[in-house]
Amino acid sequence: MKDRLAAALKASRADYTEIRVERTWSSAVTFRGRRLETATVSEDQGGFVRVLNHGCGWGIASFTSLDALPAMVGRAHELSRAVRLERPIRLAETTPQVADAALDLDGDVRGISLAEKKQLIEAYNGAMLSVSDAVVDTQAIYRDEVSEVWYVNSDGTALTQLRPEVTVSGTAIARRNGTIEKGLESIGLRRGWRSVHGLDERFRVVGQRAVELLDAPRVQGGAYPVILDNELAGVFIHEAFGHLSEADFVYENPQARAMMTLGRRFGKPVLNVGDNGAAKGLRGTLPFDDEGTPTQDTPLIKDGMLVGRLHSRETAAALGERPTGNARAISFRHAPIVRMTNTYIAPGRTGATLADLIKDVKLGVYACGAFGGQTMLENFSFTAAWGHMIRDGQIAELVKDVVLAGNLFQTLDRIDHIAGDFTWNQMGGGCGKGGQFPLPVTEGAPHVRIEEILVGGDV
Amino acid sequence: MIDRLLSAARSRTDGADALWRREERTSIAFESGRLKTAGVTEEAGVNVRVVTGGRMGVAGTTAAAPDVEALVTRARASAELGEDLDLVFPPTSPLPQVPTFFDRAANAALAELIAIGRGLVERLAREGCQVNVATEREVGETAVGNSAGARGGYAATGVGVTAEVIRIAADDVLMIYDQYVGGDLPTEGDLEALVRSIETRLEPALTIVSPPEGALPVVFTPAGLAAVVLPLEQALSGKTVLQGSSPLAGKVGEQVFDARLSITDDPLAANGPASRPLDDECVPSARAALVERGVVRGFVYDLETATRAKSRSTGHGRRGIFGKPQIRYTNLIVGGGPVDVGAQHAAPLLGGGLIADIQDGLIVDDLIGVGQGNVIGGGFSHPVGLAYRVQRGEITGRVKDAAVAGNVYDVLKRIGGFGSDGRWLGSRWSPSVRLDGVSVARR
């Protein structure tokens with residue numbers, strides 16, 4: 001394969017050419033209720049070519065037939081030449097990388113039978129169903145893949161990467177009369193078969209939570225002090241801030257650049273945020289991004305001040321900054337765009353605990369777990385899986401439908417207390433942007449307190 | 001390919017069906033008003049499903065020259081773990097006529113796609129605004145067949161044009177988006193409607209006003225309606241009915257909604273972006289009435305869920321290259337009674353003509369976080385992405401920092417009216433809908 005790519009690269013007439021070829025082996029076993037939905041093994045493969053010519057735009061071709069590779073290099077060149085630009089696209093300089101980077105497969109999933117995978121996820125599904133007759137429906141998914149990725153570019157980079165992934169997830173639906181509630185668990189790892197055992201209790205809790213929510217009141221809408229648990233704090237920083245730190249949002253827009261000027265104060269001095277694609281063993285971790293740039297730990301907010309952003313080679317050149325290894329594509333079907341990897345809120349230096357964060361809250365909400373989150377630039381929404389009221393410094397009754405809505409600038413500035421209990425939350429699913437979903441990412445955070453934030457719901 | 005696969009499966013299985021699909025997409029993108037990218041995508045693959053020993057298995061590949069024997073072996077291995085299922089493949093039957101392939105779209109040169117984009121960029125350009133426009137044209141071929149002798153296939157074209165205007169003033173970010181999706185190239189009228197739709201929403205958004213609070217009348221635009229329609233799409237799926245999680249299970253024939261609400265899935269709709277003569281399981285397309293005048297009429301099924309529910313497939317099986325067929329809506333038409341699904345370029349009218357007698361309320365065009373919550377239960381609670389305040393029958397400006405909440409099974413019992421602005425948005429057709437008593441919270 002390396003030789004085929006080298007030959008195609010050599011034949012390209014474009015000023016800059018990159019080629020990525022992927023071969024992905026995957027299997028999936030899905031249960032819905034007590035019934036097996038599917039058990040499948042799939043093989044997917046294809047290629048992606050992107051070229052740039054001086055005074056021209058990007059020419060892109062993606063394809064499933066690898067025999068078409070030489071022809072596709074030619075087509076990408078023609079497409080690039082059809083796009084005339086007065087202000088040329090420049091790519092930041094990087095050191096060419098030559099490497100063979102195989103991540104630890106941790107029990108190669110390709111060697112495990114579908115029957116064994118079925119047995120594993122059937123047990124987790126059973127753990128959710130066994131909680132109560134009120135659990136009327138479940139979905140339990142086991143999914144794995146091993147992806148071989150070859151990447152070459154005309155700057156001299158030539159990489160081979162082996163990327164494993166394994167995900168187990170469960171949804172429990174509980175129903176009583178007209179009330180329907182949901183519990184969710186999802187574990188996604190850039191590892192293999194050995195890492196997804198012994199999770200029965202976590203799946204049982206999913207079923208139990210769905211049942212408990214049936215009797216929980218909806219949270220009363222309004223503004224509260226809110227403590228986010230580790231998982232939700234991670235989703236929060238990804239959604240509320242991470243997307244704005246992606247340089248493709250600002251690099252072509254002077255007003256956006258003004259809004260995201262480095263050195264601007266974004267929060268109180270307790271707040272430290274970064275994105276680390278090189279962190280060991282996480283789902284968003286890769287040695288190189290999809291432009292062949294090595295990944296790194298990029299500080300984004302330091303002591304409350306904006307100090308960095310995430311780049312591709314194009315956005316870095318446009319802003320006169322350095323590439324950060326954040327150009328990622330979900331597959332050969334897509335071009336790399338600026339994306340997060342493992343995004344985190346650093347633990348507070350005081351080593352505070354959850355109890356310290358809530359002890360002086362008279363009436364507030366402890367928001368836990370995440371059903372999801374979405375940003376619309378400076379506004380965001382994230383949905384907790386469940387919550388508790390905080391009354392007189394104590395965690396009180398369970399509440400549901402906790403949806404937090406806010407404005408980025410106001411909310412970041414209202415983070416006034418950060419605990420020391422940092423954890424990475426390795427969830428399945430992933431991040432969506434520009435039609436590319438799901439991209440494997442990880443989020444990490446300790447417990448975080450927001451002085452005041454809007455909680456949606458009945459008023 | 002289909003015949004080769006089915007003949008490989010014949011001696012080794014009790015029955016089989018297969019899908020082959022090839023797609024070629026050409027796309028161009030203007031970023032900040034500049035044409036920056038042109039691309040092509042070519043993708044082809046096959047998916048086969050077998051029944052053996054009363055169990056079902058699937059396999060698929062994107063390999064250029066697939067080994068059909070190996071694919072059948074993989075599908076059989078998948079079936080070994082499967083559940084008992086008395087799947088009967090539909091016999092051959094006459095297919096309805098519906099236009100899916102448009103020469104003008106198929107033959108459009110790259111320069112034409114660029115010209116469409118450039119025209120929009122020029123018309124949307126504003127001081128202090130970033131304009132992003134993308135145009136995409138797809139030409140696809142689908143072939144399906146099964147061991148009962150059914151064969152079908154069609155060629156289809158699809159065109160998508162998206163435009164967004166982003167305006168950032170200090171820390172205020174305003175983003176207004178619209179799209180054209182159709183089988184054919186957009187007409188001048190379609191493009192004009194797209195521009196006016198963005199302008200109509202941009203102008204009043206430049207003034208920011210404080211949000212109201214309380215249980216208020218809220219007009220959901222066709223785009224804003226997504227949060228209300230999503231729970232219904234889940235509840236009207238034969239799958240959730242079968243699983244026992246649909247709030248509409250067992251309610252066929254019951255008046256559940258306001259008598260003005262009708263929902264139809266119509267794969268034969270003229271101008272429907274998702275129209276096709278048959279589904280991916282060889283079932284001929286037919287219109288499916290799901291809700292008529294507030295009464296639940298039925299659910300959508302694919303072959304598997306229909307078999308298990310002892311019902312008939314409504315022709316809503318959709319399969320990708322890798323998984324098994326799943327239920328998928330085609331053209332979902334939401335409206336008041338028998339609707340006239342008009343041309344794409346209905347005149348954009350913010351509020352749909354429904355605001356004249358609103359003393360205080362909202363127009364909601366975009367909500368943040370749709371699909372994240374407990375969707376199947378019907379509850380929704382979202383901060384507004386783009387919304388306008390209505391006071392004494394007039395739009396007074398854009399509201400920020402507000403959230404709307406309710407339950408669709410509650411709010412759809414009292415529909416305040418349907419707008420005169422019905423349009424396609426992707427493959428959903430609807431007008432604006434006014435719902436009364438929606439909870440609005442503010443910070």
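How many helices and how many strands are there in chain A? Chain A has nine helices and 26 strands, where a helix is a DSSP run of H or I with at least four residues, a strand is a run of E with at least two, and both are numbered from the N terminus.

The model is predicted, and local features need pLDDT of at least 70, side-chain atom pairs count only at pLDDT 80 or more, and totals for chains, interfaces and linings use all residues. Residues are numbered from 1 along each chain as its sequence is written, while chains are lettered from A in the order in which they are written.

The C-alpha atoms of chain A fill a box of roughly 70 × 55 × 35 Å along the principal axes. Of the 459 residues in chain A, 56% are buried, meaning that 20 or more other C-beta atoms, placed from the backbone, lie within 10 Å of the residue's own.

Chain A also touches chain B: 73 residues of chain A are in contact with 64 residues of chain B, a contact being two residues whose C-beta atoms, placed from the backbone, lie within 7 Å. Strand β2 (residues 35-52) of chain A gives the largest share of this side of chain A, 11 residues. The table divides that side by residue class, with Ala, Val, Leu, Ile, Met, Phe, Trp, Tyr, Cys and Pro as nonpolar, Asp, Glu, Lys and Arg as charged, and the others, Gly among them, as polar.

| Class | Side of chain A touching chain B |
|---|---|
| Nonpolar | 32 residues |
| Polar | 25 residues |

Strand β3 (residues 58-63) of chain A runs parallel to strand β2 (residues 34-52) of chain B, joined by six bridges.

Terms used:
Buried ≥ 20, exposed ≤ 12 C-beta atoms within 10 Å, placed from the backbone. Pairing = 2+ DSSP bridges.
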